[in-house]
Amino acid sequence: MKNITILLTIIFCINVVIAQDSVSENDIPKVLVDATKKELNRSFEELKKGEYAPYFISYQLIEKQNCRISARFGNILSNSINHTRQLDIDLRIGSPELDNTRQIRGNYDFGGNISVTSLPLEDSEIAIRNAIWSATDVAYRRSIEKFEKAKANNEVKAAAEDTSADFSIEKPNTYNEPFRRIHYYNEMTRIHLDPDRLIGIDTIAWSKRLRDLSSKFLKYTWLIEGNITLNAEIVNKLFINTEGSEVMVSEPYIRLMIDAKCKADDGMSLPLYKSYFGFSIDDLPSADSISKDIDAMIELLDQLRNAELAASFIGPAMLTGEASGVFFHEIFGHRVEGFREKDADATAMFKQMIGQKVLPEFMNVYFDPSLKIYGGTPLSGYYKYDDEGMPGQKVETVKNGIFQNFLMSRSPIEGFDNSNGHGRKSASRSVVTRQSNLIVTAEKTYNDAELRKLLIEEAKKQDKEYGLYFTKVSGGFTMISRWTPNAFNVTPLVVYKIYVDGRPDELVRGVDLIGTPLTTFSKIFAAGDDLGVFNGTCGAESGWVPVSACSPTILVSQIEVQKKPKSQAKPPLLPHPLDEESGAK
């Protein structure tokens, strides 16, 4: 089950005082690089002398700095600063054809192979090497055990459907960019910031801004939640392996997230989310712009809590670009992540569909992690090198409706022997193939008025009273196992009925968009001339990774919605603390 969602984490109050940056503002310390290299070379040479000689070892050092400030109803809920260093180790025994990462069939195991250790923040060579040495020894012992299981499993099980190797042969890569730091300052300590070295955050000013913005929620006593969170993170990565790769990258992620929630009288929870993404604090919108978005969110929530509960429905629908981006991420993107084609328990839907039509001939789909900005919007799925030290590449998966290619990590599948730079993971997880920036384009497009006309015409053909219009979604999930229905579920937040008789559009609530992929693909019949961008994070086997989904509005001749589950608890029984004199509405 795969998830894409705007990252909305439960915030717990952490009593950390935000102060001037105490982290060195230089590039990655030389002692850290040297210590990691020394241990990699020493471990590889020593372990090759044993009975189970590793043929490959990689070390990925992940250093994170994170600043999070959260406000609720006009007050700071939490603020925290965090700085960590971690080493992930991939050690392989056997050969690229068969190694310890091989799936143990019948055991619900897909060969996770990462050993993890925390590294000291102080740059002591002996302390760093000691931590790496201990973790490598653990990784080696585990790899021996898994390799023996993989060999036995391979001998006693029926022949695998995909007989490709476990690891691809690739040329080593070298790349070096300076590690960035977060610099915490206020107006009294502001300095000139080199964006290639420092990401600056005025923590005092941002705390005041979040406090002021979140206070807009306070006067509406029917709101249960009203939060705004700034999350600034720098992820510095050093990747080295025994093939000779050495890749150093620095990945900044700046997110501002607003979430509010109310309840309808029947107990249904009604959340709305708004997020902004950039690579620096300056990419975020002004306070005035955010304030207007909060006002619009509150107004929409007020309408939603009084909206009619939607019924189950099968018929035509229109999805805005943001909604259709998530739609494609779920029903298409996860099914072109190549490693799934060799999973014995997966449906491998597209394995036999190379060169066949899967979408209308006017549609194209590609993935491009090298795109930093698209249509003027920063893309969170951007990266230069993946987590196996491979350069991110543009991959054309559908051209003129015809399926072309899979996203690939260094886990080969039949007919696709090499990586195209989509091996991704979060810290402490094993790499698998993952999406990056998904881009949907259309050769033939219509403006908004034309799309609405087409939707109404299609609804009339099907003798429907209305068609549905999905404008906002929060995410979804998809199922690809042979043991479950091969289906998807996208979670709409804002849905309208567009009536065929000219009545005004009607806001409704309480539906999930469901279906099966191939059937739904075949029902797409038009696309808009607009562009919607969804920046979020996607959760799957290798953890949470940043992704983007970009798409025009699309028309689908037939979709299915079902009623959303809801709480049986009514809105709060106790009156709100604010009384009428305080300005409550």
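Analyst: Happy to. A residue is buried when its relative accessible area is under 20%, exposed when over 50%, and partly exposed in between (1.4 Å probe, protein chains only). Helices (H or I, at least four residues) and strands (E, at least two) are DSSP runs, numbered from the N terminus. The model is predicted, so local features need pLDDT of at least 70 and side-chain atom pairs count only at pLDDT 80 or more, while totals for chains, interfaces and linings use all residues. Residues are numbered from 1 along each chain as its sequence is written, and side-chain values use heavy atoms, with hydrogens and water left out.

The protein chain holds 7 helices and 29 strands, and 55% of its 585 residues count as buried. Its accessible surface comes to about 25000 Å², with 50% of that belonging to carbon and sulfur atoms (areas from the Shrake-Rupley method with a 1.4 Å probe; for residues, only the protein chains shown count as cover). With contact taken as heavy atoms within 4.5 Å, 77% of the contacts between residues at least 6 apart in sequence join residues at least 24 apart.

An α-helix has 3.6 residues a turn, so residues three or four places apart point the same way.

Asn447 caps the N-terminal end, with a side-chain oxygen 3.2 Å from the backbone nitrogen of Ala449. Asp463 is not a glycine, yet it has a positive phi of about 60°, and it counts as exposed at 71% relative accessibility.

Strand 22 runs over residues 466-478 and includes Thr471. Thr471 counts as buried at 17% relative accessibility, and beyond four places in sequence it touches Thr320, Val494 and Tyr496. Phe313 also reaches this stretch: setting aside its neighbours within four places in sequence, its contacts include Lys464, Tyr466, Gly467 and Leu468, as well as Ile559, Glu560 and Val561. Phe313 belongs to strand 13 (residues 313-319) and is buried, with a relative accessible area of 8%. Its C-alpha atom is 6.9 Å from that of Gln562, 249 residues away along the chain.

For comparison, helix 1 (residues 30-47) has 18 residues and reaches 26 Å from first to last C-alpha, close to the expected 26 Å. Its buried residues, among them Leu32, Val33, Leu40 and Phe44, fall within an arc of 165°, so they line one face of the helix.

Finally, the cores. A nonpolar core is a set of buried Ala, Val, Leu, Ile, Met, Phe, Trp, Tyr and Cys residues joined through side-chain atoms within 4.5 Å. The largest has 51 residues, with Phe328, Phe332 and Phe350 touching the most other members. Helix 5 (residues 321-331) gives the largest share of this core, 5 residues. Apart from it lies another core of 42 residues, including Ile69, Ala71, Tyr184 and Ala307. Helix 5 also holds His329, which is buried at 1% relative accessible area. The side chains of His329 and Gln435 make a polar contact at 3.1 Å. Such a contact is a pair of N or O atoms within 3.5 Å; within protein, one must be able to donate a hydrogen and the other to accept it, and residues adjacent in sequence count only if both atoms are side-chain atoms.

Note on methods
Expected span 1.5 Å × (residues − 1). Arc of directions from axis to C-beta.
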